[in-house]
Amino acid sequence: MEKTLTTKNLVELRGVDKEFAKNGKQEKVLSGIDFDVQEGEFISILGKSGCGKSTLLNLIGGFDQPTRGQLHFDGKQVTKPSRRAIMLFQFYALLPWRTVLKNVELALEPEGLSKEESRDRAITYLKLVGLEDSLHQFPSQLSGGMQQRVAIARALSIRPELILMDEPFAALDTFNRYYLQDELLRIKQQEGTNIILVTHDIDEAVYLSDRIFIMDANPGVIRKKISVELPKPRDRAHSDFQYYRKWILDEFNFSQKLDDLDFNI
Ligand SMILES: Nc1ncnc2c1ncn2[C@@H]1O[C@H](COP(=O)(O)OP(=O)(O)O)[C@@H](O)[C@H]1O
Ligand SMILES: [Mg+2]
């Protein structure tokens, strides 16, 4: 069951800055990032290219550390990657010489399951994403949308509490994107997984999110947090849906010229 009634914070950021060395001096890429993610929430992060979205996900995933500030996952400071918070990339990073099933089983090796348990678990999640007929195919035999479903099954099979998604559907056509967005909502409801999604697609953010964070660049800041108060599943054609799309588009027009953007709207 989806955990929407608790108010436990799964992720907490307080005053998070991130600097990188550039041309011999420190450049601030993220500045004063403050937010909480409550259990059960679906958060999307929107912002133009280079504003620090991937850097922010990397910090939450423990792949890098903040220069300043506090970053907690389930009440503990994040210092390294954890299998409780898994990153899902735009490029699926499947091993081409392994079948679909073996790609998922590989991710389960550190779980210490028996061979049988591991196979059962892998098949369960491949079924969940509708790939029960493709277990023994190789990634090159699948469409992009199917490969991304393998990557989603692989991430879910670890049973993480949080999946960090960095533009996961950007390489897919509109219909595959719509299909996977619905899959994602269904799976989220079934598994209770929290999701933080980086996207450049305003429609996708409104369709999926409980809250949308809008970032500005140089240095990267969260300028606005918008709660999307619409029941799910959402109707893209409904005037309330259009209202949020327009609101977000106006937010970007307010701070930037349109031709600066690389958004789908
Ligand atoms: N490891 C790194 N070392 C130095 N600079 C980096 C590093 N990672 C990202 N940056 C810089 O940080 C800024 C934000 O990058 P990124 O988080 O990838 O943005 P986004 O994902 O929003 O497009 C960019 O200017 C980028 O060049
Ligand atoms: Mg990025």
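**Close-up views of a predicted model**

**View 1. Pairing of strands β1 and β4.** Strand β1 (residues 9-22) runs antiparallel to strand β4 (residues 68-73), and five bridges join the two; strands here are DSSP runs of E with at least two residues, numbered from the N terminus, and two strands pair if DSSP finds at least two bridges between them. V11 has F73 in β4 as its bridge partner, while D17 stands opposite R68 in β4. The model is predicted, with local features needing pLDDT of at least 70 and side-chain atom pairs counting only at pLDDT 80 or more, whereas totals for chains, interfaces and linings use all residues. Residues are numbered from 1 along each chain as its sequence is written, and chains are lettered from A and ligands numbered from 1 in the order in which they are written.

View 2. Four strands, in the order β2-β1-β4-β5, form an open sheet with antiparallel pairing. β2 (25-38) and β5 (76-77) stand at the edges with a single partner strand each, so one side of each is left without a neighbour in the sheet.

**View 3. The hairpin of β4 and β5.** These two strands, β4 and β5, pair in the antiparallel sense over two bridges, and H72 stands opposite Q77 in β5. Two residues lie between the strands of this hairpin, and D74 in the turn has a positive phi of about 50°.

**View 4. Contact of helices α2 and α3.** V100, L101, V104, E105 and L108 in α2 meet S118, R119, R121, A122, Y125 and L126 in α3, where contact requires C-beta atoms, placed from the backbone, to lie within 7 Å; helices are DSSP runs of H or I with at least four residues.

How values were computed:
Contact = placed C-beta atoms within 7 Å.
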